[in-house]
Amino acid sequence: MSRPTPEQQLEEALRRQAEKQREREEEERRRAVKEAAREIGVSEEEFDAAEQAAIQRAAAAEAAERVKKQEEAAKSAQRARALKLGGAAAIAASVVLVGAVGLAWSMSPSAPIQEDFSGLTSRWALETNAETQASLTSVTETGRGEAAQIEVTHFGPAADGKYHVNLDLTSVQALEGLGQLSLFAKGDGLQTARVYLESGGERWRSPPMTLGADWQQYQWSIRDFEHQVRGSDGWKVVDFRYPESGRISIKVGHFMNPVDATGRVWVDDLVVE
Ligand SMILES: [Ca+2]
């Protein structure tokens, strides 16, 4: 092999210089993300673990994309979804390259949540303050199968004047990447209910459901929920951000219904996707 020309040597030097520059930039970006993560309380171990998870997720997303491509005969809805996944895989891959863990976290949507309220009491629990009387019953409704019925016979204010009747999904749900929440509801006597997503000192509150005598579907973007943080003097509305996880709570107490109201609220088919 002949000796490289000065032009070839220059080209090689430039190529190496560009590569080093790229490596420096990637390292710099990774350090910046790590610093940002530390500022929001993510430890180095958590950061490294999340980065590893992001690499694995990107590999899984690419594998899923390959399978998707082999199923080109799918319907148009499935094709649209495959495109979406393809985009996510590409972004996840580039995100891993720069070590942008924060972005990678948002690239891993949780499994959709679908609750049809069958076998109600194994997953849902009614929670009230001590002064209030209410009950939870599984009822069979035409066309809906089992549904949850909340009956309030007495709202009793606690010392702070508040009263609550909450139907809680007892396990914490992964909510990352989920953007829509819908459920069916109706009411008799009680006119309003809301859905809350609760996570420690943070919660997300849905707009009100104004309940009618007939089943109606309520559907919101999670973006329409009010993000609140608990401070020393109660809950405060803060800038919106999406929840990563939380407990789903359907509430009919104070703030929703007057203290002298009594009646029933039925809910069914809750979906978060
Ligand atoms: Ca049902």
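In the hairpin of β3 and β4, three residues sit between the strands, and Gly143 there takes a positive phi near 80°. This is a predicted model: local features need pLDDT of at least 70, side-chain atom pairs count only at pLDDT 80 or more, and totals for chains, interfaces and linings use all residues. Residues are numbered from 1 along each chain as its sequence is written.

Strands here are DSSP runs of E with at least two residues, helices are runs of H or I with at least four, and both are numbered from the N terminus. Two strands count as paired if DSSP finds at least two bridges between them. One of the bridge pairs is Leu136 with Ile150 in β4.

What does Ile150 contact, leaving aside its neighbours within four places in sequence? The list is Leu126, Ala134, Leu136, Val165, Leu167, Val252, Arg264 and Val265. Contact means that the C-beta atoms, placed from the backbone, lie within 7 Å.

Ile150 also belongs to the largest nonpolar core, which has 35 residues; those with the most contacts inside it are Ala148, Ile150, Ala185, Val265 and Val267. At least two residues of this core come from each of β4, β5 (165-169), β7 (180-188), β8 (192-199), β14 (245-251) and β15 (263-272). The largest share, five residues, is from β15. A nonpolar core is a set of buried Ala, Val, Leu, Ile, Met, Phe, Trp, Tyr and Cys residues joined through C-beta atoms within 7 Å. Buried means 20 or more other C-beta atoms within 10 Å of the residue's own, exposed means 12 or fewer, and partly exposed is in between, with C-beta atoms placed from the backbone.

Next, β7. Its pairing with β15 is antiparallel, over seven bridges, and Ala185 has Val267 in β15 as its bridge partner. β7 also pairs with β11 (residues 216-221) in the antiparallel sense, over six bridges; there, Ser182 stands opposite Gln219 in β11.

Back to β3, where Glu141 lies. Glu141 counts as partly exposed because it has 15 C-beta neighbours inside 10 Å. Not counting residues up to four places away in sequence, Glu141 touches Ala147 and Asp268. Glu141 and Trp215 are 74 residues apart along the chain, and their C-alpha atoms are separated by 10.0 Å.

Which non-glycine residues might you check for phi? Phe255 has a positive phi of about 80° although it is not a glycine, and its place is in the loop between β14 and β15. Asp269, also not a glycine, has a positive phi of about 45° and lies in strand β15. Phe255 is partly exposed because 13 other C-beta atoms lie within 10 Å; for Asp269, also partly exposed, the count is 17.

Now the helix α1 (residues 6-39). Its 34 residues reach 49 Å from first C-alpha to last, close to the 50 Å expected at 1.5 Å a residue, where the expected span is 1.5 Å times one less than the number of residues. α1 is hardly covered: one of its 34 residues is buried. Just after α1, Gly41 takes a positive phi of about 90°.

Finally, the totals. The protein chain has five helices and 15 strands, and 24% of its 273 residues are buried. Of the contacts between residues at least 6 apart in sequence, 71% join residues at least 24 apart.

Key. Two residues are in contact if their C-beta atoms, placed from the backbone, lie within 7 Å.
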